[in-house]
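Colleague: I am new to this structure and would be grateful for a guided reading of it. May we begin once the sequence and the model are in view?

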Amino acid sequence: MEKNPDGIFPAGADMVRAATEFKCGDLLRLGTEMPEIRKIIIDTDPGQDDAVAIMAALASPELDVLGLTVVAGNVPLALTEKNARKICELSGRPKTKVFAGAIRPMVRDLVTAENVHGKTGLNGPVLPDPTMPLQDQYAVDFIVETLMREKSGSVTICALGPLTNIGLALVREPRIAPRIREIVLMGGGLFEGGNLTPAAEFNICVDPHAADLVLRSGVPIVIVPLDCTHKVLTTAKRIAAFRDLGTAPGIAVAEMLEFFERFDEAKYGTDGGPLHDPCVIAYLLKPELFSGRHINVEVETVSELTLGMTVADWWGVTNRPKNATYLLEVDDQGVFDLLVERIGRL
(Lines give C-alpha, C1' and ligand atoms only; values in the text may rest on other atoms or scores of the structure.)
Protein backbone atom coordinates (compact mmCIF):
# COMPACT_ATOMS: atom_id res chain seq x y z
CA MET A 1 0.00 0.00 0.00
CA GLU A 2 1.55 3.33 -1.01
CA LYS A 3 1.27 6.57 0.89
CA ASN A 4 0.51 9.84 -0.80
CA PRO A 5 3.34 12.39 -1.22
CA ASP A 6 2.70 13.75 2.27
CA GLY A 7 3.32 10.35 3.82
CA ILE A 8 -0.31 9.91 4.82
CA PHE A 9 -2.33 6.78 4.09
CA PRO A 10 -5.54 7.23 2.07
CA ALA A 11 -8.74 7.96 3.97
CA GLY A 12 -12.07 6.17 3.85
CA ALA A 13 -12.35 2.43 3.11
CA ASP A 14 -8.67 2.22 2.28
CA MET A 15 -7.81 3.04 5.89
CA VAL A 16 -8.61 -0.52 6.92
CA ARG A 17 -6.37 -1.93 4.23
CA ALA A 18 -3.64 0.56 5.15
CA ALA A 19 -3.84 -0.51 8.78
CA THR A 20 -3.40 -4.17 7.89
CA GLU A 21 -0.34 -3.30 5.83
CA PHE A 22 1.27 -1.16 8.52
CA LYS A 23 4.85 -2.28 9.12
CA CYS A 24 7.27 -1.54 11.91
CA GLY A 25 9.05 1.76 11.22
CA ASP A 26 6.10 3.33 9.39
CA LEU A 27 4.08 6.10 10.99
CA LEU A 28 0.38 5.35 10.67
CA ARG A 29 -1.45 8.63 10.66
CA LEU A 30 -5.11 7.97 11.30
CA GLY A 31 -5.87 11.36 12.79
CA THR A 32 -3.08 11.22 15.39
CA GLU A 33 0.70 11.22 15.30
CA MET A 34 3.27 9.87 17.67
CA PRO A 35 4.61 12.81 19.72
CA GLU A 36 7.95 14.16 18.61
CA ILE A 37 10.70 14.59 21.16
CA ARG A 38 12.61 17.73 20.23
CA LYS A 39 16.25 18.07 21.28
CA ILE A 40 17.01 21.53 22.62
CA ILE A 41 19.84 23.58 24.08
CA ILE A 42 18.65 26.38 26.36
CA ASP A 43 20.93 29.43 26.29
CA THR A 44 20.00 31.60 29.25
CA ASP A 45 20.84 34.30 31.82
CA PRO A 46 18.51 33.53 34.75
CA GLY A 47 16.44 35.80 35.63
CA GLN A 48 13.04 34.95 37.12
CA ASP A 49 11.33 34.63 33.75
CA ASP A 50 14.22 32.49 32.49
CA ALA A 51 13.66 30.29 35.55
CA VAL A 52 10.02 29.68 34.68
CA ALA A 53 10.99 28.87 31.09
CA ILE A 54 13.65 26.38 32.20
CA MET A 55 11.28 24.72 34.68
CA ALA A 56 8.58 24.34 32.03
CA ALA A 57 11.09 22.80 29.62
CA LEU A 58 12.42 20.35 32.21
CA ALA A 59 8.85 19.30 33.01
CA SER A 60 7.96 18.60 29.36
CA PRO A 61 8.58 15.10 27.98
CA GLU A 62 8.32 16.48 24.45
CA LEU A 63 11.61 18.32 25.04
CA ASP A 64 14.98 16.66 25.51
CA VAL A 65 17.12 19.31 27.22
CA LEU A 66 20.67 18.47 26.13
CA GLY A 67 22.11 21.19 28.35
CA LEU A 68 21.82 24.73 29.68
CA THR A 69 24.42 27.15 28.36
CA VAL A 70 24.66 30.22 30.54
CA VAL A 71 25.65 33.75 29.58
CA ALA A 72 26.15 37.04 31.39
CA GLY A 73 23.06 39.21 31.04
CA ASN A 74 20.45 39.91 33.66
CA VAL A 75 23.25 39.56 36.22
CA PRO A 76 26.96 38.66 35.83
CA LEU A 77 27.98 35.16 34.81
CA ALA A 78 28.99 34.06 38.33
CA LEU A 79 25.34 34.51 39.34
CA THR A 80 23.61 33.29 36.18
CA GLU A 81 25.45 29.94 36.24
CA LYS A 82 24.61 29.50 39.93
CA ASN A 83 20.99 30.45 39.29
CA ALA A 84 20.70 27.92 36.47
CA ARG A 85 21.83 25.15 38.82
CA LYS A 86 19.45 26.34 41.55
CA ILE A 87 16.58 26.07 39.08
CA CYS A 88 17.54 22.56 38.00
CA GLU A 89 17.61 21.43 41.63
CA LEU A 90 14.32 23.18 42.41
CA SER A 91 12.86 21.28 39.46
CA GLY A 92 14.18 17.95 40.73
CA ARG A 93 16.50 17.66 37.72
CA PRO A 94 20.02 17.81 39.23
CA LYS A 95 21.50 15.69 36.43
CA THR A 96 20.85 18.44 33.88
CA LYS A 97 24.16 19.69 32.49
CA VAL A 98 24.91 23.39 33.00
CA PHE A 99 27.78 25.07 31.14
CA ALA A 100 29.17 28.55 31.82
CA GLY A 101 29.76 30.67 28.76
CA ALA A 102 30.62 34.24 27.84
CA ILE A 103 31.42 36.58 30.71
CA ARG A 104 30.76 39.70 28.60
CA PRO A 105 29.40 40.70 25.17
CA MET A 106 31.48 40.30 22.03
CA VAL A 107 32.27 44.02 21.65
CA ARG A 108 30.50 46.13 24.26
CA ASP A 109 30.86 46.28 28.02
CA LEU A 110 28.30 44.23 29.94
CA VAL A 111 25.03 45.87 30.94
CA THR A 112 22.99 44.07 33.61
CA ALA A 113 19.47 44.40 35.04
CA GLU A 114 19.61 44.07 38.82
CA ASN A 115 17.04 46.86 39.02
CA VAL A 116 14.56 44.42 37.49
CA HIS A 117 15.68 41.01 38.77
CA GLY A 118 17.30 41.93 42.09
CA LYS A 119 20.92 41.56 43.17
CA THR A 120 20.89 37.76 42.80
CA GLY A 121 18.89 37.70 39.58
CA LEU A 122 16.40 35.38 41.29
CA ASN A 123 15.11 37.61 44.07
CA GLY A 124 11.78 36.49 45.51
CA PRO A 125 12.09 32.96 46.90
CA VAL A 126 14.95 31.92 49.15
CA LEU A 127 16.65 29.10 47.27
CA PRO A 128 19.60 27.12 48.66
CA ASP A 129 22.98 27.25 47.00
CA PRO A 130 23.25 24.45 44.42
CA THR A 131 25.14 21.25 45.12
CA MET A 132 25.08 19.91 41.55
CA PRO A 133 28.31 20.58 39.66
CA LEU A 134 28.96 23.15 36.99
CA GLN A 135 30.33 21.38 33.91
CA ASP A 136 34.01 21.99 33.14
CA GLN A 137 33.44 22.50 29.42
CA TYR A 138 33.04 26.04 28.07
CA ALA A 139 29.46 26.63 26.92
CA VAL A 140 30.49 27.74 23.42
CA ASP A 141 32.49 24.54 22.94
CA PHE A 142 29.51 22.49 24.16
CA ILE A 143 27.23 24.17 21.62
CA VAL A 144 29.67 23.53 18.77
CA GLU A 145 30.47 19.93 19.72
CA THR A 146 26.81 19.05 20.30
CA LEU A 147 25.66 20.45 16.97
CA MET A 148 28.48 18.71 15.11
CA ARG A 149 27.76 15.40 16.86
CA GLU A 150 23.96 15.28 16.70
CA LYS A 151 22.11 14.57 13.48
CA SER A 152 21.97 17.64 11.27
CA GLY A 153 18.68 19.50 11.71
CA SER A 154 17.79 17.79 14.98
CA VAL A 155 18.75 20.40 17.60
CA THR A 156 16.84 23.59 18.38
CA ILE A 157 18.47 26.42 20.31
CA CYS A 158 16.21 28.28 22.74
CA ALA A 159 17.78 31.69 23.37
CA LEU A 160 16.47 33.40 26.51
CA GLY A 161 19.21 36.00 27.01
CA PRO A 162 21.87 37.97 25.12
CA LEU A 163 23.06 36.03 22.08
CA THR A 164 26.77 36.11 22.90
CA ASN A 165 27.29 32.35 23.30
CA ILE A 166 25.49 31.60 20.05
CA GLY A 167 27.32 34.33 18.15
CA LEU A 168 30.68 33.05 19.40
CA ALA A 169 29.76 29.48 18.44
CA LEU A 170 28.87 30.59 14.90
CA VAL A 171 32.24 32.38 14.61
CA ARG A 172 34.20 29.47 16.06
CA GLU A 173 32.62 26.87 13.77
CA PRO A 174 30.57 28.25 10.86
CA ARG A 175 29.64 24.69 9.83
CA ILE A 176 27.12 24.53 12.70
CA ALA A 177 24.76 27.01 11.02
CA PRO A 178 23.14 24.59 8.54
CA ARG A 179 23.00 21.91 11.23
CA ILE A 180 20.75 23.93 13.56
CA ARG A 181 17.10 23.00 13.22
CA GLU A 182 15.90 26.38 14.46
CA ILE A 183 16.74 29.20 16.85
CA VAL A 184 13.77 30.40 18.88
CA LEU A 185 14.71 33.57 20.71
CA MET A 186 13.11 36.09 23.00
CA GLY A 187 14.22 39.54 21.96
CA GLY A 188 13.52 42.73 20.11
CA GLY A 189 10.50 44.89 19.66
CA LEU A 190 8.74 46.73 16.86
CA PHE A 191 5.51 48.47 17.80
CA GLU A 192 6.43 48.22 21.50
CA GLY A 193 9.83 49.86 21.07
CA GLY A 194 12.46 48.91 23.63
CA ASN A 195 12.75 48.26 27.36
CA LEU A 196 16.46 49.02 27.87
CA THR A 197 16.52 52.07 25.60
CA PRO A 198 13.62 53.77 23.81
CA ALA A 199 14.52 51.73 20.70
CA ALA A 200 16.11 48.51 21.96
CA GLU A 201 15.04 45.46 23.96
CA PHE A 202 17.43 44.18 26.65
CA ASN A 203 18.53 40.81 25.21
CA ILE A 204 19.39 42.29 21.82
CA CYS A 205 20.85 45.55 23.13
CA VAL A 206 23.25 43.87 25.58
CA ASP A 207 25.06 42.25 22.64
CA PRO A 208 23.80 43.70 19.34
CA HIS A 209 26.83 42.42 17.45
CA ALA A 210 26.09 38.83 18.42
CA ALA A 211 22.43 39.34 17.54
CA ASP A 212 23.45 40.69 14.13
CA LEU A 213 25.59 37.58 13.54
CA VAL A 214 22.70 35.29 14.47
CA LEU A 215 20.18 37.03 12.24
CA ARG A 216 22.60 36.93 9.30
CA SER A 217 23.51 33.26 9.83
CA GLY A 218 20.88 31.73 7.54
CA VAL A 219 19.56 29.58 10.40
CA PRO A 220 15.73 29.37 10.59
CA ILE A 221 14.79 31.86 13.33
CA VAL A 222 11.64 32.53 15.33
CA ILE A 223 11.57 35.80 17.28
CA VAL A 224 9.32 36.29 20.31
CA PRO A 225 9.50 40.09 20.77
CA LEU A 226 8.13 42.54 23.33
CA ASP A 227 5.16 43.00 20.99
CA CYS A 228 4.15 39.47 21.94
CA THR A 229 5.38 39.10 25.54
CA HIS A 230 3.83 42.38 26.70
CA LYS A 231 0.46 40.69 26.18
CA VAL A 232 1.34 37.83 28.56
CA LEU A 233 0.77 39.55 31.92
CA THR A 234 1.26 37.99 35.35
CA THR A 235 -2.01 39.01 36.98
CA ALA A 236 -2.70 38.25 40.63
CA LYS A 237 -5.08 35.45 39.60
CA ARG A 238 -2.46 33.85 37.36
CA ILE A 239 0.23 34.00 40.04
CA ALA A 240 -2.22 32.45 42.52
CA ALA A 241 -2.62 29.50 40.17
CA PHE A 242 1.07 28.67 40.61
CA ARG A 243 0.89 29.06 44.39
CA ASP A 244 -2.21 26.90 44.53
CA LEU A 245 -0.20 24.00 43.13
CA GLY A 246 1.04 23.65 46.71
CA THR A 247 4.45 22.37 45.62
CA ALA A 248 7.89 23.85 46.23
CA PRO A 249 8.34 24.67 42.51
CA GLY A 250 4.86 26.20 42.25
CA ILE A 251 5.29 28.37 45.33
CA ALA A 252 8.78 29.45 44.22
CA VAL A 253 7.42 30.49 40.82
CA ALA A 254 4.70 32.55 42.50
CA GLU A 255 7.29 34.29 44.67
CA MET A 256 9.58 34.93 41.71
CA LEU A 257 6.79 36.46 39.66
CA GLU A 258 5.54 38.64 42.52
CA PHE A 259 9.03 40.15 42.78
CA PHE A 260 9.61 40.33 39.03
CA GLU A 261 6.33 42.02 38.14
CA ARG A 262 6.78 44.98 40.49
CA PHE A 263 9.13 46.78 38.07
CA ASP A 264 6.93 46.56 35.00
CA GLU A 265 3.73 47.27 36.92
CA ALA A 266 5.22 50.56 38.03
CA LYS A 267 6.66 51.26 34.58
CA TYR A 268 3.63 50.41 32.43
CA GLY A 269 0.78 50.81 34.92
CA THR A 270 -0.49 47.29 34.19
CA ASP A 271 -2.02 44.57 36.36
CA GLY A 272 1.04 42.35 36.41
CA GLY A 273 4.23 42.38 34.41
CA PRO A 274 5.03 40.74 31.08
CA LEU A 275 6.33 37.18 31.19
CA HIS A 276 8.96 37.12 28.46
CA ASP A 277 11.16 34.03 28.24
CA PRO A 278 8.58 31.30 28.99
CA CYS A 279 6.92 32.24 25.71
CA VAL A 280 9.84 30.58 23.90
CA ILE A 281 9.10 27.24 25.56
CA ALA A 282 5.35 27.71 25.14
CA TYR A 283 5.92 28.25 21.42
CA LEU A 284 7.85 24.98 21.11
CA LEU A 285 5.14 23.08 22.97
CA LYS A 286 2.07 24.75 21.43
CA PRO A 287 2.93 26.92 18.42
CA GLU A 288 -0.78 27.31 17.72
CA LEU A 289 -0.93 29.76 20.65
CA PHE A 290 1.07 32.27 18.57
CA SER A 291 0.84 33.97 15.20
CA GLY A 292 3.03 36.32 13.20
CA ARG A 293 4.74 36.87 9.86
CA HIS A 294 7.89 35.76 8.10
CA ILE A 295 9.76 39.03 7.55
CA ASN A 296 13.18 40.62 7.38
CA VAL A 297 14.71 41.63 10.71
CA GLU A 298 18.01 43.48 11.02
CA VAL A 299 19.89 44.72 14.11
CA GLU A 300 21.27 48.24 14.39
CA THR A 301 24.93 48.08 15.47
CA VAL A 302 26.15 51.63 14.73
CA SER A 303 23.74 54.36 15.81
CA GLU A 304 24.17 55.81 19.30
CA LEU A 305 20.45 56.49 19.59
CA THR A 306 19.14 53.18 18.25
CA LEU A 307 21.95 50.71 19.02
CA GLY A 308 20.45 47.24 19.46
CA MET A 309 17.17 48.10 17.76
CA THR A 310 15.55 45.27 15.80
CA VAL A 311 14.51 46.88 12.54
CA ALA A 312 11.61 44.63 11.60
CA ASP A 313 10.14 45.08 8.12
CA TRP A 314 6.60 44.13 9.18
CA TRP A 315 4.96 45.83 6.19
CA GLY A 316 7.40 44.53 3.58
CA VAL A 317 8.59 47.94 2.43
CA THR A 318 12.10 46.75 1.55
CA ASN A 319 13.48 44.06 -0.69
CA ARG A 320 15.68 42.61 2.03
CA PRO A 321 15.42 38.81 2.31
CA LYS A 322 13.03 37.40 4.89
CA ASN A 323 15.10 35.83 7.64
CA ALA A 324 12.83 35.39 10.66
CA THR A 325 9.34 34.49 11.77
CA TYR A 326 8.28 37.42 13.93
CA LEU A 327 5.49 36.60 16.39
CA LEU A 328 3.01 39.34 17.19
CA GLU A 329 -0.18 37.77 18.59
CA VAL A 330 -0.54 35.31 21.45
CA ASP A 331 -3.24 33.48 23.38
CA ASP A 332 -2.02 34.78 26.73
CA GLN A 333 -4.35 32.68 28.88
CA GLY A 334 -3.38 29.62 26.88
CA VAL A 335 0.29 30.29 27.69
CA PHE A 336 -0.42 30.55 31.42
CA ASP A 337 -2.61 27.46 31.43
CA LEU A 338 0.22 25.54 29.76
CA LEU A 339 2.86 26.84 32.18
CA VAL A 340 0.80 26.03 35.26
CA GLU A 341 0.11 22.54 33.96
CA ARG A 342 3.81 21.91 33.28
CA ILE A 343 5.13 23.41 36.52
CA GLY A 344 2.53 21.27 38.26
CA ARG A 345 4.35 18.15 37.02
CA LEU A 346 7.54 18.99 38.90
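Predicted model: local features only at pLDDT ≥ 70, side-chain atom pairs only at ≥ 80, totals over all residues.

Colleague: Which strands and which helix do the buried residues of H5 pack against?

Modeller: Residues are numbered from 1 along each chain as its sequence is written, and side-chain values use heavy atoms, with hydrogens and water left out. In helix H5 (residues 139-149), the buried residues are Ala-139, Val-140, Phe-142, Ile-143, Val-144, Thr-146 and Leu-147, where buried means under 20% relative accessible area, exposed over 50% and partly exposed in between (1.4 Å probe, protein chains only), and helices (H or I, at least four residues) and strands (E, at least two) are DSSP runs numbered from the N terminus. By contact, meaning heavy atoms within 4.5 Å, these buried residues of H5 pack against strands S1 (38-44), S2 (63-70), S3 (98-100), S4 (155-159) and S5 (180-186) and helix H6 (164-172).

Colleague: Among contacts between residues at least 6 apart in sequence, what percentage join residues at least 24 apart?

Modeller: The protein chain contains 13 helices and 10 strands. Of its 346 residues, 54% count as buried. Among contacts between residues at least 6 apart in sequence, the share that joins residues at least 24 apart is 80%.

Colleague: Which helix gives the most to the lining of the second largest pocket?

Modeller: On a 1 Å grid over the protein atoms alone, a cavity is a set of points where a 1.4 Å probe fits but cannot get out, and a pocket is an open set with protein on both sides within 12 Å along at least five of seven lines; lining residues have an atom within 4 Å of a point. The second largest pocket holds about 180 Å³ of space, a volume being the space filled by probe spheres set on the points, which are joined across faces, edges and corners. Its lining is made up of Glu-36, Arg-38, Glu-62, Leu-63, Glu-182, Tyr-283, Leu-284, Leu-285 and Pro-287. With 3 residues, the helix that gives the most to this lining is H12 (residues 278-285).

Colleague: How many charged residues are in the lining of the largest cavity?

Modeller: The structure holds 1 cavity of 30 Å³ or more, and the volume of the largest cavity is about 30 Å³. Leu-163, Leu-185, Gly-187, Gly-188, Ile-204, Leu-215, Ile-223 and Thr-310 form its lining. Ala, Val, Leu, Ile, Met, Phe, Trp, Tyr, Cys and Pro count as nonpolar, Asp, Glu, Lys and Arg as charged, and the others, Gly among them, as polar. By these classes, the lining has 5 nonpolar residues, 3 polar residues and, for charged residues, none.

Colleague: Which residues does Gly-161 touch, not counting residues up to four places away in sequence?

Modeller: Gly-161 is found in the loop between S4 and H6, and counts as buried because its relative accessible area is 2%. Its C-alpha lies 5.4 Å from that of Asp-45, although the two are 116 residues apart in sequence. Not counting residues up to four places away, Gly-161 touches Asp-43, Asp-45 and Asn-203.

Colleague: How far is the backbone nitrogen of Val-297 from a polar atom of the side chain of Asn-323?

Modeller: Asn-323 lies in the loop between strand S9 (310-312) and strand S10 (324-330); its relative accessibility is 17%, so Asn-323 counts as buried. Beyond four places in sequence, its contacts include Leu-215, His-294 and Val-297. From a polar atom of the Asn-323 side chain, the backbone nitrogen of Val-297 is at 2.8 Å.

Colleague: What is the omega of the cis peptide bond that joins Pro-46 and Gly-47?

Modeller: Gly-47 is part of the loop between S1 and H2. Most peptide bonds are trans. The bond joining Pro-46 and Gly-47 is cis, with an omega of about -10 degrees.

Key:
Polar contact = N/O pair within 3.5 Å; in protein donor to acceptor, adjacent residues only side chain to side chain.
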